[in-house]
Amino acid sequence: MKIPLSFIEILKVISRKETVSIGQFKSKQNKALLDIFLEENILQKSKKKNSFIVYTNNNQQLRNFLRERYGIINLEDYYQLLNNPDSTKSESAQIASDSKTKRTKVYTGFFVRTFANIEGSLNGENLNLKTLKGSSLFISDFRNFAIPENVTIVGIENPETFYLIENYRHYFDKIVPLFLLRFNNNAFIEWLQLTPNKYVHFGDFDLSGIAIYISEYRNKIDSNRCSYFIPNDIENLISNSKNYTDYVNQLNDPKVKGLDFENYPEIKDLANMINKYRKTIEQEVLMNSNAS
């Protein structure tokens with residue numbers, strides 16, 4: 001199913017971290033597309049008064065989904081392409097791929113990598129999970145994938161951080177970590193529900209990042225084995241941050257509004273700290289920190 005201009009216009013609004021009314025998806029095609037995006041957990045909806053609003057928890061995941069499933073490399077450029085009947089084939093190729101990828105379902109599974117010598121198993125056969133720098137393994141048959149009980153699963157949503165995780169190695173030297181990158185489907189969550197291992201979420205240190213952890217992970221698996229990675233020097237990093245704009249913008253984030261962080265012991269101090277200084281930091285800042 002191709003994505004029409006009207007749906008692209010709505011996605012442009014959502015990609016700016018804004019919400020849209022579900023009533024904007026008027027046509028039969030747009031309603032069908034919305035169902036796909038909701039089913040794949042690319043878009044989310046929540047009730048507001050007597051209707052529903054639609055938004056995304058993760059812009060990077062939305063961009064990946066558009067590229068992998070529909071061949072849309074850049075949302076804004078694709079919008080301009082659809083508005084320009086005189087565009088050339090070469091321009092179209094640069095903006096949107098015509099490969100078979102966009103006509104098939106996104107691969108089910110997730111990426112894993114680690115610098116530890118972990119011996120897992122897949123379909124009963126041993127599988128060494130240690131990966132070279134810049135590489136990863138894709139686990140598609142995840143229901144038959146198992147890891148030792150002493151391994152801690154570390155969830156990462158940012159692909160750049162995932163592939164540069166060696167730069168954060170000193171933060172994880174007291175555990176045996178297996179780093180997972182979610183790949184535009186719910187396999188990650190389903191596998192976490194199947195495995196008893198501890199889970200640590202390595203996200204950004206902002207209110208939206210904490211809200212994603214709560215809604216997408218903690219609320220879907222055993223909360224007793226979930227935690228949010230918080231470095232020892234987090235207060236110093238936040239207090240010295242200059243990122244005030246993100247904090248202000250995230251106060252209007254629908255997934256942050258109405259969320260009482262006091263109900264989540266493992267992150268309430270972090271949330272209070274962010275509100276105290278009214279600043280945020282992204283996880284990439286940690287590459288320049290020597291604390292653990």
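Which side chain meets that of Arg-143 in a salt bridge? The partner is Glu-190, with a distance of 2.8 Å from N to O. The model is a predicted one, in which local features need pLDDT of at least 70 and side-chain atom pairs count only at pLDDT 80 or more, while totals for chains, interfaces and linings use all residues. Residues are numbered from 1 along each chain as its sequence is written, and side-chain values use heavy atoms, with hydrogens and water left out.

**Salt bridges**

- The structure contains 10 salt bridges, a salt bridge being a side-chain nitrogen of Lys or Arg within 4 Å of a carboxyl oxygen of Asp or Glu.
- The bridge between Arg-143 and Glu-190 links distant parts of the chain, 47 residues apart: Arg-143 is in the loop between strand E7 (137-139) and strand E8 (145-146), and Glu-190 is in helix H7 (residues 187-194).
- Helices (H or I, at least four residues) and strands (E, at least two) are DSSP runs, numbered from the N terminus.
- Arg-143 is exposed, at 53% relative accessible area, whereas Glu-190 is partly exposed, at 28%; buried means under 20%, exposed over 50% and partly exposed in between (1.4 Å probe, protein chains only).
- Arg-218 and Glu-266 form another salt bridge, their closest N and O atoms being 2.5 Å apart.
- This pair also links distant parts of the chain, 48 residues apart, with Arg-218 in helix H8 (residues 207-218) and Glu-266 in helix H11 (residues 265-277).
- Arg-218 is buried, with a relative accessible area of 14%, and Glu-266 is partly exposed at 22%.
- In the salt bridge of Glu-235 with Lys-276, the closest N and O atoms are 3.5 Å apart.
- Glu-235 belongs to helix H9 (residues 234-239) and Lys-276 to helix H11, so that distant parts of the chain, 41 residues apart, are linked.
- The relative accessibility of Glu-235 is 33%, which counts as partly exposed, while Lys-276 is exposed at 57%.
- One network, joined by salt bridges that share partners, consists of Glu-157, Arg-182, Glu-216 and Lys-220.

**The loop residue Asn-58**

- Asn-58 is found in the loop between strand E3 (51-55) and helix H3 (59-70).
- Its relative accessible area is 12%, and Asn-58 is therefore buried.
- A polar atom of the Asn-58 side chain lies 2.9 Å from the backbone nitrogen of Gln-61.
- Asn-58 and Ile-42 are 16 residues apart along the chain, and their C-alpha atoms are separated by 7.6 Å.

**The three-stranded sheet**

- An open sheet is formed by three strands in the order E1-E3-E2, with antiparallel pairing; two strands pair if DSSP finds at least two bridges between them.
- Strand E1 (20-21) and strand E2 (44-48) are the edge strands, each pairing on one side only.
- Two bridges join E1 and E3 in the antiparallel sense, and Val-20 stands opposite Val-54 in E3.

**The helix pair H1 and H3**

- The axes of helix H1 (residues 5-15) and H3 come within 10 Å and cross at roughly 150°; axes are lines fitted to C-alpha atoms, for helices over the stretch in contact, and angles run from 0 to 180 degrees between N-to-C directions.
- H1 is therefore roughly antiparallel to H3, a term for angles over 145 degrees, with under 35 counting as roughly parallel, 65 to 115 as roughly perpendicular and the rest as oblique.

Conventions. Polar contact = N/O pair within 3.5 Å; in protein donor to acceptor, adjacent residues only side chain to side chain.
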